[in-house]
Amino acid sequence: MKSHELIYLDNNATTKVDPAVVEEMMPYLTELYGNPSSAYGFGQQVGKALDQARERVAGLIGCEPGEIIFTSCGTESSNAAIHSALAMDRDRQHIITTRVEHSATLKTCEMLAKRGYEITWLGVDSNGQIDLAELERSIRSDTALVSVMWANNETGVLFPIEQISEIVRAKGALFHTDAVQVIGKLPVQLRDAKINFLSLSGHKLHCPKGVGALYVNRRTKFNPFITGGSQESGKRAGTQNVASIVALGKACEVAAGYMEHEVTEVRKLRDDFEKGILERVEGVQVNGDRENRLPNTSNLAFEGVDSEAVLMLLDQQGICCSAGSACTAGSLHPSHVLKAMGFSDDRARSSLRFSFGRFNTAAEVEKALEVVPQVVGKLRRIAVAA
Ligand code: PLP
């Protein structure tokens, strides 16, 4: 199926690359191939493009350009923050995180636990929220880092990052937030924030895959995760992926212009869709805190149907969404996020994530509101007949 025939409602998985972003990066894939670290003008010209990209990324999140380190993806950014916090102070080797993190943090902390580090896992309530008092009680004198995502990729639930960062700062630990799902969707202003590290990823904001950034507060000591050359002021070795970094800069500039659109138009698409489904289909529940939620995400449990089956039938009709669960070695594991919220395996296995973006239209929502109820109805009839 050609992409223009698709109804792409999976914008939390990845996003369509903005044509303006492609245009901006093209010269760095063709004639402007100099190494940004070279001393001659041809290289320096490319180095200037990196400077501009750094300014643009910093502009979107309200920090200094010198606080941005370009990385290969959001996952690398989070790994770098976690490993740096552990390396900087040998007396602080305890980490606190939540049970609903993306695998970039989750698996890294599981791996560290196997290596003997102590990890405290904070649970969530049925809204997907952590208990701030429990967080406060968990921070110890040997806590190196608290890592809490800003928005959950499956449910869109937003954690109160300002309050969390204040608690962590007051207790003297470092704070990292995986903001991969927030950047480009909600305004972020880091200048006076009490955040030490923040991870972001290009492909969630209409930039190509394989580029990200880590914000490291200028007063926070940093130990590089990837060592070698002195690129990125010695904080991340390896010749920069110039074209993708230029793309990320442009994507951030464009995203700033769309911020209002995200919180009004994209929210309306999501709300119209969600309301339409709740009106048309019986036995549907919204997963996650409906108030404190990304404006683009709707995670819905369709009682009595298998989300993988819905996904496949929707796929046949050109609608892309996500089951919000990981498929490993052919066996479907119910989403760790929905399980952590206390939902049954059945509810987790009947849940689907629909995530909207600026390239979606009201006509697509209308079409989805025709197709999704048909598909769910069909699967429920089959289940009754079986
Ligand atoms: N964190 C969150 C919340 C995500 O949604 C994702 C991507 O799915 C990542 C981290 C990983 O980002 P990347 O694909 O750039 O490694």
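**Reading strands, salt bridges and a pocket**

Guide: Let's begin with strand β6, residues 174–178: four of its five residues are buried, so the strand is largely enclosed by the rest of the structure. Keep in mind that this is a predicted model.

Visitor: Which strands pair with β6, and in which sense?

Guide: There are two to look at. Strand β5 (residues 143–147) pairs with β6 in the parallel sense, over three bridges. Strand β7 (residues 197–201) also pairs with β6 in the parallel sense, over three bridges. To find these pairings on screen, look for V146, whose bridge partner in β6 is F175. Then go to D178, whose bridge partner in β7 is S199.

Visitor: What unit do β5, helix α6 and β6 make?

Guide: Together with helix α6 (residues 161–170), β5 and β6 make a right-handed β-α-β unit.

Visitor: Now salt bridges, please. How many does the structure hold?

Guide: Here is the general idea: side chains of opposite charge can pair when their charged atoms come close. This structure holds 19 salt bridges. One of them joins D10 and R353, with the closest N and O atoms 3.0 Å apart. That pair links distant parts of the chain, as D10 sits in the loop between β1 and α1 while R353 is in strand β14, 343 residues apart.

Visitor: Are D10 and R353 buried or exposed?

Guide: A residue is called buried when its relative accessible area is under 20%. D10 has 10%, so it counts as buried. R353 has 6%, so R353 is buried too.

Visitor: Which residue forms a salt bridge with E232?

Guide: That is R54, and the closest N and O atoms are 2.7 Å apart. E232 lies in the loop between β8 and α7, and R54 in helix α2, 178 residues apart. E232 counts as buried at 6% relative accessibility, and R54 counts as buried at 13%.

For another case, take E274 and R290, whose closest N and O atoms are 3.4 Å apart. E274 lies in helix α7 and R290 in the loop between β9 and β10, so the pair ties together parts that are 16 residues apart in sequence. E274 counts as buried at 3% relative accessibility, whereas R290 counts as partly exposed at 47%.

Visitor: Which residues are linked in a network of salt bridges?

Guide: Look for E24, R56, K250 and E253, which are linked in such a network.

Visitor: Finally, what lines the second largest pocket?

Guide: Rolling a probe the size of a water molecule over the atoms shows where empty space is left. The second largest pocket has a volume of about 280 Å³. Its lining includes S3, H4, Y8, K16, F359 and E364. By class, the lining has three nonpolar, six polar and two charged residues.

Terms used:
Residues are numbered from 1 along each chain as its sequence is written. This is a predicted model: local features need pLDDT of at least 70, side-chain atom pairs count only at pLDDT 80 or more; totals for chains, interfaces and linings use all residues. Side-chain values use heavy atoms; hydrogens and water are left out. Buried means under 20% relative accessible area, exposed over 50%, partly exposed in between (1.4 Å probe, protein chains only). Helices (H or I, at least four residues) and strands (E, at least two) are DSSP runs, numbered from the N terminus. Two strands pair if DSSP finds at least two bridges between them. A crossover is right-handed if, with the strands pointing away from the viewer, the path from the first strand over the helix to the second runs clockwise. On a 1 Å grid over the protein atoms alone, a cavity is a set of points where a 1.4 Å probe fits but cannot get out, and a pocket is an open set with protein on both sides within 12 Å along at least five of seven lines; lining residues have an atom within 4 Å of a point. Grid points are joined across faces, edges and corners, and a volume is the space filled by probe spheres set on the points. Ala, Val, Leu, Ile, Met, Phe, Trp, Tyr, Cys and Pro count as nonpolar, Asp, Glu, Lys and Arg as charged, and the others, Gly among them, as polar. A salt bridge is a side-chain nitrogen of Lys or Arg within 4 Å of a carboxyl oxygen of Asp or Glu.
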